[in-house]
Amino acid sequence: MIRQTYRTLTAAVMIAAIAIGPIASACPFCESVQQTIRQQSETMDAVVIASSLDGELTRNLTTGVVKMKVEKVLKGGEHVKAGQTVDAIYFGKVEVGRRFLLSGVDPPNLQWSCLPVNERNEEYIVKATEIEDDPVARLRFFRQYLEDEDPLISRDAYDEFASTPYEEISKIGPDMDHDRLIKWVQEPEMGVDRKRLYLTMLGICGSEKDVPMLEEMLKNPTKSVSNGLDALIACYLTLSGEKGLPLINELYISNKKAQFSHTYAAIMALRFHGTEGNVIPRSALSESLHKILEREQLADMVIPDLAKWQDWSQIDRLTKLFKEVDPKDNWLRVPVINYMRACPLPEAAEALKEFEKIDPEAVRRAKAFFPAPVPVRPKADEESTTQINSPENPSSVAESTSGEPVLSVAKPTDHPATEPRLGTRYAAAMANQTPALSGIVAQQSDLTEASNPWEFACVLLVSLASLVIMVFLVLTGGPVVDPKPEN
């Protein structure tokens, strides 16, 4: 049941993402609950600190209008001045002199929204508005308020971190309080969202000395740890490096008795290290994902990652999966098709021809609703195992029977690059390649194909339907059918 619910939610989010477009990146394991005070202020025409001139006896109980005096102007000095009286709608309790953060839109007749503040809130908000427009400077400021005793302040500081990309958070590593983070991640009562953030931060400022503690948490997870397991695994791998992979494989990847949520968390952690982490080479991470392919019920979750990382070593295994998949589980065929569509090797083009004969509807569905996986940015030190177009090693663009361009890869030269990891066939790094190669890669991507408006309309309709189904499942819990148990 849990497995099927995860699959439905994931599918709905993926389809919606395709229809809506890309979303700004943020802390990989954090969840921002709401916009921060700073972010909200940036969308407003004026932001001020004001005090109420009315009390319960003088306010307008019918309209909710409260007269307020502007004490400090934080933004929009051209629209409002200190000492000015404004009308704001507020239905909560008021008393003369009570302070508010007012945010106004639509000048010249500004419409104000109200947030009651105390003296400490006001001090925090004023300081936050004075920070220079630099992500690192902001994080240095908000770091000191993460566990503030005032809930409004601590929540806002957390949301600032949660909405900041990992690359920016990593820049303040030397400013982080390592010992305090160790204490926070071990507190049983610490909220899951915060524990995820603190584990992410510990991975940035920690060292190998922290690995034994993290191993103990992995081997004997408490309930609070299990809920943030993806961040814990990512932190552990950041500090232990490639030599930490065997433990993760043993506990969650190869272990068919592991809970689905735990295996899913491990996959998310590996995905993070394959895209944003700079500690473990993708070739090593791919070897762990290969083990997931042995578990048919989970294979569809990692096939797109292998394609994005340009690991083309699994063509034969995925072809076999496509042919032998249970008819009830034919959802596995679409990611296999997309893997072959993204692969530049001629074997993949041949596999696609075979797939079209076996299940033409699945091939049509894959092309209509999903673009071929786009390779992620190669890591600077990633090894190359597939030779790409160069003056000494020319390659050409062929076209499969499906009409999609396929990059034919030439044989290695007599002077290969660094010896590849055994058992992998990685595509060469795309950085600093010739313009001709850029054109080839651009042709390879389905994103460059002319879009069909009817297919786009179908995507929108499917995404809306999926979201409705998702809400129904979350609110009612069913009906959901448990997946076929693994052997």
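**Helix packing in the predicted model**

The buried residues of α14 are covered by elements that include α12 (245–253), α13 (260–275), α15 (303–308) and α16 (315–324). The buried positions in α14 are R282, S283, A284, L285, S286, S288, L289, H290 and I292.

The protein chain holds 21 helices and 7 strands. Of its 487 residues, 47% are buried. The accessible surface of the chain amounts to about 24900 Å², with carbon and sulfur atoms contributing 54% of that area. Turning to contacts between residues at least 6 apart in sequence, 69% link residues that are at least 24 apart.

Two packed helices are described by the angle between their axes and the distance between the axes. For helix α4 (residues 135–143) and helix α5 (residues 151–162), the axes come within 9 Å and cross at roughly 145°. The crossing of α4 past α5 is left-handed. On the α4 side, the contact is formed by R138, L139, F142 and R143, while α5 supplies D156, A157, E160 and F161. By residue class, this contact between α4 and α5 comprises 4 nonpolar and 4 charged residues, with no polar ones. An α-helix has 3.6 residues a turn, so residues three or four places apart point the same way.

Methods:
Residues numbered from 1 in each chain as written. Predicted model: local features only at pLDDT ≥ 70, side-chain atom pairs only at ≥ 80, totals over all residues. Heavy atoms only, no water. Helix = DSSP H or I, 4+ residues; strand = E, 2+ residues; numbered from the N terminus. Buried < 20%, exposed > 50% of the residue type's maximum accessible area, 1.4 Å probe, protein only. Contact = heavy atoms within 4.5 Å. Areas by Shrake-Rupley, 256 points an atom, 1.4 Å probe, with all protein chains shown as cover. Axes fitted to C-alpha atoms, helices over the stretch in contact; angles between N-to-C directions. Left-handed = near helix turned anticlockwise from the far one by under 90°. Nonpolar A, V, L, I, M, F, W, Y, C, P; charged D, E, K, R; others polar.
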